[in-house]
Amino acid sequence: MEIKTIGVVGCGLMGAGIVETCAKSGYTVKVREINDELLQAGLARIEASLKKAVKRGKLDEADSKLAWERITGTIQLEALKDSDLVIEAAVENMELKKEIFAALDKICPAHTILSSNTSSLSITEIASATQRPEQVIGLHFFNPVPVMPLLEIVRALLTSDETLKISREFGDSVNKTTVVAKDTPGFIVNLLLIPFLLDTIRAYESGMATKEDIDTGIKLGLNHPMGPLTLADFVGLDTTLFVADAMYDEFKDSRYAAPPLLRRMVMAGKMGKKSGAGFYDYE
Ligand code: CAA
């Protein structure tokens, strides 16, 4: 099976990055948002990122134009009916994802692979909403999608060898290095990242150092591109909490228990960079 047309569900931060990455690699991409306002915001995000790539010398002006022309926006899920691969990047809500996958299962032809960019929900459970669980897989990209070189592929209990093979080839075709994880909470990267971020927040909460010194310590002491509190703001404190809670629910291990400060910051609307404030101010 050759993938030519890709459908993306959701044009938020991750969805927009996925659309851009696929279009730059030559795929025809249709992206669906739930209303026109969100769709226009998502398309504007893609346009801005393509311009940034040209400005940084990562992309030719002509290639940027070609990529942009391969992208179509829609507010109808039915418009994704011609997709060979669908990548769902909607909000992290299992009931919503099951509804989307059940609908896609009816809309899309028999050969279509249905995938989710979820960072914490079970692909096996999402697949249970369809009649084609062997063609359901996790394709977990990293933020910022156009820049981060990894694609984490999540093989659910019933995912077929063929679906895994096609997904790996797709990862290669969009210039990502692929790793394959089983369908367990956090997969590979978040299984190890989330306890690290939670420990950092616990360290800050205990008053052992300033946030700036914790970040500088890790950034310069371990050569990380960002300090962990900056990274938590960048990932989103609500997302960090959501993934931690999902992992704690499953493992009941205190390593995944969210520190009170994190939960309270989210309750107070401090979601990190996207909300204008988290551990740091971004206004
Ligand atoms: N398109 C293409 N390339 C772009 C680009 C764009 N729109 N914007 C920037 N770039 C390129 C730049 O040209 C640059 O490349 P070179 O180094 O080859 O010159 C590179 O990307 C870095 O860009 P910047 O100089 O603008 O930014 P920076 O050096 O300050 O790095 C960063 C920014 C890439 C975000 C870096 O700080 C970083 O890697 N941070 C960590 C990010 C991370 O860990 N993300 C994963 C989060 S976890 C997750 O996503 C999963 C989950 O489920 C929670």
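In the predicted model, helices H7 and H11 are roughly perpendicular to each other, because their axes cross at roughly 95 degrees and angles of 65 to 115 degrees are assigned to that class. The two helices span residues 189-205 and 260-267, respectively, and their axes come within 8 Å. On the H7 side, the contact is made by Leu-198, Ile-201, Tyr-204 and Glu-205; H11 contributes Pro-260, Leu-261 and Leu-262. By class, six nonpolar residues and one charged residue form this contact, with no polar residues.

The shell around the ligand comprises 20 residues, of which Arg-56, Lys-58, His-140, Asn-143 and Asn-190 come nearest. Its composition by class is 12 nonpolar, five polar and three charged residues.

A polar side-chain atom of Lys-58 lies 2.6 Å from a ligand oxygen atom. For His-140, an N or O atom in the side chain is 2.9 Å from an oxygen atom of the ligand. At Asn-143, a backbone N or O atom is placed 2.8 Å from a nitrogen atom of the ligand. The ligand taken alone exposes 1,100 Å², and the protein buries 67% of that area.

Two features of backbone geometry were noted. Most residues other than glycine have a negative phi, and most peptide bonds are trans. Asn-143, whose backbone approaches the ligand nitrogen atom, is joined to Pro-144 by a cis peptide bond, with omega about 0 degrees. Pro-144 is located in the loop between strand S6 (136-141) and strand S7 (150-155). Phe-187, a residue other than glycine, has a positive phi, near 50 degrees. Phe-187 lies in the loop that runs between strand S8 (177-182) and H7, the helix whose axis crosses that of H11 at roughly 95 degrees.

Definitions and conventions:
Residues are numbered from 1 along each chain as its sequence is written. This is a predicted model: local features need pLDDT of at least 70, side-chain atom pairs count only at pLDDT 80 or more; totals for chains, interfaces and linings use all residues. Side-chain values use heavy atoms; hydrogens and water are left out. Axes are lines fitted to C-alpha atoms, for helices over the stretch in contact, and angles run from 0 to 180 degrees between N-to-C directions. Helices (H or I, at least four residues) and strands (E, at least two) are DSSP runs, numbered from the N terminus. Angles under 35 degrees count as roughly parallel, over 145 as roughly antiparallel, 65 to 115 as roughly perpendicular and the rest as oblique. Contact means heavy atoms within 4.5 Å. Ala, Val, Leu, Ile, Met, Phe, Trp, Tyr, Cys and Pro count as nonpolar, Asp, Glu, Lys and Arg as charged, and the others, Gly among them, as polar. A residue is near a molecule or strand if one of its heavy atoms lies within 4 Å of it. A polar contact is a pair of N or O atoms within 3.5 Å; within protein, one must be able to donate a hydrogen and the other to accept it, and residues adjacent in sequence count only if both atoms are side-chain atoms. Accessible areas come from the Shrake-Rupley method with a 1.4 Å probe; for residues, only the protein chains shown count as cover.
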